[in-house]
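Please read each point against the coordinates as you go.

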There are 2 protein chains.
Amino acid sequence: MTKKPLPHNHGQNIERQLDHMPETAEFQAVSDVFRQLGDGSRIKIFWLLCHCEECVINISALMEMSSPAVSHHLRQLKAAGLIVSRRDGKEVYYKAADTKEAQLLHHMIEELVAITCPAL
Amino acid sequence: MTKKPLPHNHGQNIERQLDHMPETAEFQAVSDVFRQLGDGSRIKIFWLLCHCEECVINISALMEMSSPAVSHHLRQLKAAGLIVSRRDGKEVYYKAADTKEAQLLHHMIEELVAITCPAL
DNA sequence: AATACAATTAAACGATTGCTTAATTGTTAA
DNA sequence: TTAACAATTAAGCAATCGTTTAATTGTATT
């Protein structure tokens, strides 16, 4: 397999530097995860569900958002595998998924809050 | 300061669980960072610039994208403080910013690649 | 069965996003 | 001062996104 040379050669041995670069599909998969948390409402919902298990009405109250809007976000987070749900009577309870991925993202959020908002 | 009670009380002492919840503005700031990496092209560019310093033409070649499209992404990443640039003659070189935030995100990407694509 | 409540879904909308093509700016070399 | 190359900017466009309102589904109670 031959690699196409770059238009400019600055003599940096780029092939070694970019060795084991992930496939484009892998970058896409990771960006799909990041995009889930790329919305202020959704990242707050995810954080909430990392700290408690709650029904949609209470999540809506905590978020000060309509329940259809919250439901919409919950569906996306669930499709992404970041949260899980269970029905108990009339109510559906949501919480963060018990996965490496969800734990990593939760930890990441806490770290970024500390870094990007040092004054608070 | 009084906190408004939730519509439903499931007896979980939610006030304690949600203690030191970040402000809405902090969630917004963190989600702004995540959104930068919520695009397959941009996350790949950022990864590249974590591993080498390159000019726009070479980034375009590596990405197989037009230079205006790449320039557009570079501007966003730079505005977010994730990359820096320097001009040398006719060319502008970009690389990842030397900040805690950028390092954390780079590390995070590598971890997520390993988690979400275990077979590769 | 009928009612009430919780949650989801559907349709519609304004706003944002990522890319394309074309024009423009910045720098170097002839 | 041209000419050529690198990079950015601008305008336009289809596609996606987040929310709202209204209708629908699911469950429990009377």
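1. In chain B, I83(B) has A96(B) as its bridge partner in β3(B). The two strands concerned, β2 (residues 83-88) and β3 of chain B, pair in the antiparallel sense over 6 bridges, where pairing requires that DSSP finds at least two bridges between two strands. The hairpin that they form has 2 residues between the strands, and G89(B) takes a positive phi near 70 degrees in that hairpin. Helices (H or I, at least four residues) and strands (E, at least two) are DSSP runs, numbered from the N terminus.

2. As to conventions, this is a predicted model, in which local features need pLDDT of at least 70 and side-chain atom pairs count only at pLDDT 80 or more, whereas totals for chains, interfaces and linings use all residues. Residues are numbered from 1 along each chain as its sequence is written, chains are lettered from A and ligands numbered from 1 in the order in which they are written, and side-chain values use heavy atoms, with hydrogens and water left out.

3. In chain A, 3 strands make up an open sheet, in the order β1-β3-β2 and with antiparallel pairing. The edges are held by β1 (54-55) and β2 (83-88) of chain A, each of which has a single partner strand, so one side of each is left without a neighbour in the sheet. Between β1(A) and strand β3 (residues 91-96) of chain A there are 2 bridges, and E54(A) has Y94(A) as its bridge partner in β3(A).

4. Helix α3 (residues 40-51) of chain A packs on this sheet and touches β1, β2 and β3 of chain A, its direction making about 90 degrees with that of β3(A). Helix α5 (residues 67-79) of chain A also packs on the sheet, touching β2 and β3 of chain A, and its direction makes about 120 degrees with that of β2(A). Axes here are lines fitted to C-alpha atoms, for helices over the stretch in contact, and angles run from 0 to 180 degrees between N-to-C directions; contact means heavy atoms within 4.5 Å.

5. Phosphate oxygens of DNA strand D lie 2.4 Å from an N or O atom in the side chain of H8(A), 3.3 Å from a backbone N or O atom of V56(B) and 2.9 Å from a polar backbone atom of I57(B). The elements giving two or more residues to the surface near DNA strand D are α3 and α5 of chain A, together with α4 (56-63), α5 (67-79) and β3 (91-96) of chain B; the largest share, 5 residues, comes from α5(A).

6. Two serines of chain B deserve a check. S60(B), in helix α4 of chain B, is buried, with a relative accessible area of 8%, buried meaning under 20% (1.4 Å probe, protein chains only). Leaving aside neighbours within four places in sequence, S60(B) is in contact with M65(B), S66(B), S67(B) and V70(B). S31(B), in helix α2 (residues 24-36) of chain B, is buried with a relative accessible area of 0%, and beyond four places in sequence S31(B) touches L37(A), G38(A), D39(A), G40(A) and I43(A).

Technical notes. A polar contact is a pair of N or O atoms within 3.5 Å; within protein, one must be able to donate a hydrogen and the other to accept it, and residues adjacent in sequence count only if both atoms are side-chain atoms. Buried means under 20% relative accessible area, exposed over 50%, partly exposed in between (1.4 Å probe, protein chains only).
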